[in-house]
Amino acid sequence: MVVAFVFGFVIAIVIDFILSLGAFSFQGTSSAPGAGQIVMSWLVTGAAFWILYKMHRWAAYGMLGGFASLFVLLALVGGALGPYTCFSTYGYPPLR
Amino acid sequence: MVPVLFEIAGVPIYSHGFFLLLGLLTCVAVVIWEARRRRWPPHEVIPIGLAAFVGGILGARISMLFFYGWEAAPAVLVQQSYFDPSIGPGSILGAIAGAYLGGHLASRSLGKTGCTCDAFAPALALGLAVGRIGDYLSAEDGVGKASTLPWAVPVPGVDYLVHPAPLYDSAFNILWFVVLVALRDHPRLQDGNLLKLAVGGYAFFRFLVEFVRNNDVVAFGLTAQQYACLLLLAGLAAYYGRRRDRVLELRR
């Protein structure tokens, strides 16, 4: 159970790393992904989750744990280091 | 307003992100405390908790399409953007709906027919109460509508006082937490009913507090957030309506 969980956790980190590489550029600005890349990223993530779930249920839970950890570390801890709010920067949302 | 709470070695720690993280940690701590009290086994708490968390992340972002329209699509569709702190997690209403769905699916995958999710009910209220402090300190969405009430507060950028709407939310959720803790062992509030009461109570309060918040009115004098609250309440009413019909059928 623990091994399966850790395996799923690592898979989530690896998938995120590969997706990050797709958006990386040496110019320091990440390129906006195209429609194909977006569809592929969700298909790969969904397929990986499905395969892990079929292999061992706890591997799929491990993948959820991996994504939850990434979110806490990058989005929440990172969010405390900048002037960000629920869906915008400080003050009135720029989208409106 | 206090946009920056403190500094660590010259690095500013911003109030919104700090209280968002603290709210989440509070939520997790209350779930653990309540799960232990209910003797809810870890092999059920962990998968259901994780699925609820990831469901919450997705729901919070996906719901932005409902609130902001197609403009929000890049933040919803691009998977990497979910981890981008500059975009923010999204809406709490969407997070609640997504977490509920994620927890429900995980519960089914474990072969559970009933709902063991009531441990999440007080956690939701207390987590929200803490998180809203950050919304107030960061002056998110301009805090609230103009007000002349004695407790109205000044905000940067405008020369009038406004409703401290996030603090209303926080105060309600502290009170709601106390109510949910007091009711948590009531025989009729088991098997998922306490969580449904927690969600329904917050949706009802949020519908009311929206009248003093700065969200855009979309139709008939109501904001998209109010329509989301009405949808949540309608879903709960439909569930209890169907359940009552089933009970009446069994009695016949």
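Residues are numbered from 1 along each chain as its sequence is written, and chains are lettered from A and ligands numbered from 1 in the order in which they are written. Because the model is predicted, local features need pLDDT of at least 70 and side-chain atom pairs count only at pLDDT 80 or more, while totals for chains, interfaces and linings use all residues.

Chain A holds three helices and zero strands, following the pattern α-α-α along the sequence. Here helices (H or I, at least four residues) and strands (E, at least two) are DSSP runs, numbered from the N terminus. Of the 96 residues in chain A, 33% are buried. A residue is called buried if 20 or more other C-beta atoms lie within 10 Å of its own, exposed if 12 or fewer, and partly exposed in between, with C-beta atoms placed from the backbone. Among contacts in chain A between residues at least 6 apart in sequence, 64% join residues at least 24 apart; two residues are in contact if their C-beta atoms, placed from the backbone, lie within 7 Å.

Confidence in chain A is expressed as pLDDT, the predictor's confidence in each residue, from 0 to 100. The average for chain A is 81, and 80% of the residues score at least 70. Where pLDDT is low, the predicted coordinates should not be read in detail.

Chain B contains eight helices and six strands, and its elements run β-β-α-α-α-α-α-β-β-α-α-β-β-α from the N terminus on. The C-alpha trace of chain B spans about 65 × 45 × 40 Å along its principal axes. With 252 residues, a compact globule would have a radius of gyration near 18 Å, and the 19 Å of chain B agrees with this. The radius of gyration is taken over C-alpha atoms, and the globule rule is 2.2 Å times the number of residues to the power 0.38. Buried residues account for 45% of the 252 residues in chain B. Of the contacts in chain B between residues at least 6 apart in sequence, 68% join residues at least 24 apart.

Turning to the side where the chains meet, 37 residues of chain A are in contact with 43 residues of chain B. On chain A, α1 (2-22), α2 (35-55) and α3 (57-79) each supply at least two residues of this side, and the largest share, 14 residues, comes from α3(A). The residues of chain A that touch chain B divide into 25 nonpolar, 10 polar and two charged. In this count, Ala, Val, Leu, Ile, Met, Phe, Trp, Tyr, Cys and Pro are nonpolar, Asp, Glu, Lys and Arg are charged, and the others, Gly among them, are polar.

The largest nonpolar core has 89 residues, and those with the most contacts inside it are Met63(A), Leu64(A), Val54(B), Phe120(B), Ala125(B) and Ala198(B). Such a core is a set of buried Ala, Val, Leu, Ile, Met, Phe, Trp, Tyr and Cys residues joined through C-beta atoms within 7 Å. Leaving aside residues up to four places away in sequence, Met63(A) touches Gly8(A), Phe9(A), Ile11(A), Ala12(A), Ala48(A), Phe49(A) and Leu52(A).

Ala198(B) is also one of the buried residues of α7(B), which include Leu194(B), Tyr202(B) and Arg206(B). The buried residues of this helix pack against α4 (92-109), α5 (120-137), α6 (165-183) and α8 (224-251) of chain B.

Within helix α6 of chain B lies Asn173(B), which is buried because 25 other C-beta atoms lie within 10 Å. Asn173(B) touches Ala125(B), Leu126(B), Leu128(B), Ala129(B) and Arg132(B), not counting residues up to four places away in sequence. Asn173(B) and Arg132(B) are 41 residues apart along the chain, and their C-alpha atoms are separated by 9.4 Å.

Ala139(B) is in the loop between α5 and β3 (153-154) of chain B and counts as buried, with 24 C-beta neighbours inside 10 Å. Phe220(B) sits in the loop between β5 (217-219) and β6 (222-223) of chain B and is exposed, with 7 other C-beta atoms within 10 Å.
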